Amino acid sequence: MSVVDIKSLIKAYPDPSGAGSVPVLDIESLKLEAGKHTALRGTSGSGKTTLLHCISGMILPESGSITLLDTDITTLSEAARDRFRANHIGYIFQSFNLLDGFTALENVKLGMQFADKKLDTSRAAELLEKVGLKDRLHNKPSQLSVGQQQRVCIARALANDPEIILADEPTGSLDPKTSAEVLELIKEVADGKTLMLVSHEEQVLSQFEVQLDLETLNRAMAL
Ligand SMILES: Nc1ncnc2c1ncn2[C@@H]1O[C@H](COP(=O)(O)OP(=O)(O)OP(=O)(O)O)[C@@H](O)[C@H]1O
Ligand SMILES: [Mg+2]
């Protein structure tokens, strides 16, 4: 069964000069099967983050369908997409997106806030323990190393036990040893879940059984 089923997706951004639009994505078909881990490669600027933003419903495409677990999220209102994302998608951001004024524990709890489940402090603490931050629950992002901040993001992405995990270059700002540890952690916590991880690093991509290339999928690149 496909957990993510994309058809005829077109995404363009308005040209900042005000004249016309710049095509970024033109993908005829992309399916992610339940429980499979997929790596997506693509050079900088090829549209990897844009694709993950579309799949998570943070932005809408110009046309096409994005069916997640039987719901075409392009037909939902923004509020409904936000709620769908909170309930079903764990998103690990390229730039972390942790809230500076809040502790690691509070950041994970904030990840629970928009979902239908109850706020659960002990579950948030357990998730932080699972990612190796048992002793850092009350540290704010500025009081954590970059690798530790990425671990908080992983715990936050798991907050609502999502079926789908999207990871945007999660190891991009880490040294090789930490990068390998974080990648291993993501694969472990995503076991049994549908994972799409984007990267341009060969040593990361090569660890995945299913590897897709955005430039091959994307007809917009030929324009
Ligand atoms: N809000 C925006 N308005 C206009 N153009 C944008 C916007 N966001 C992204 N773009 C353009 O869309 C293209 C794809 O950007 P995107 O961030 O998806 O690339 P990426 O593959 O994630 O790159 P990187 O590997 O550097 O993170 C780029 O050419 C970028 O300039
Ligand atoms: Mg990106």
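1. Strands E6 and E7 (residues 164-168) form a parallel pair, with 4 bridges between them. The model is predicted.

2. Helix H5 (residues 146-157) packs on the sheet here and touches both E6 and E7. The direction of H5 makes about 170° with that of E6.

3. The E6/E7 pair belongs to an open sheet of 5 strands. The order is E6-E7-E8-E3-E9, and the pairing is parallel. Strand E6 (89-92) and strand E9 (210-213) stand at the edges. Each has a single partner strand, so one side of each is left without a neighbour in the sheet. On average, neighbouring strands are turned by 15° against each other, direction ignored.

4. H1 lies across strand E3 (37-41), E7 and strand E8 (194-199). Against E7, H1 runs at about 155°.

5. Now the ligand. Ligand 1 is surrounded by 13 residues. The closest are Tyr13, Ser44, Lys48, Thr49 and Thr50. By class, the shell divides into 9 polar, 3 nonpolar and 1 charged.

6. Which elements each supply at least two residues of the shell around ligand 1? They are strand E2 (21-33) and helix H1 (48-55). H1 gives the most, with 3 residues.

How values were computed. Residues numbered from 1 in each chain as written. Chains lettered and ligands numbered in written order. Predicted model: local features only at pLDDT ≥ 70, side-chain atom pairs only at ≥ 80, totals over all residues. Near = placed C-beta within 6 Å. Nonpolar A, V, L, I, M, F, W, Y, C, P; charged D, E, K, R; others polar. Pairing = 2+ DSSP bridges. Axes fitted to C-alpha atoms, helices over the stretch in contact; angles between N-to-C directions. Contact = placed C-beta atoms within 7 Å.
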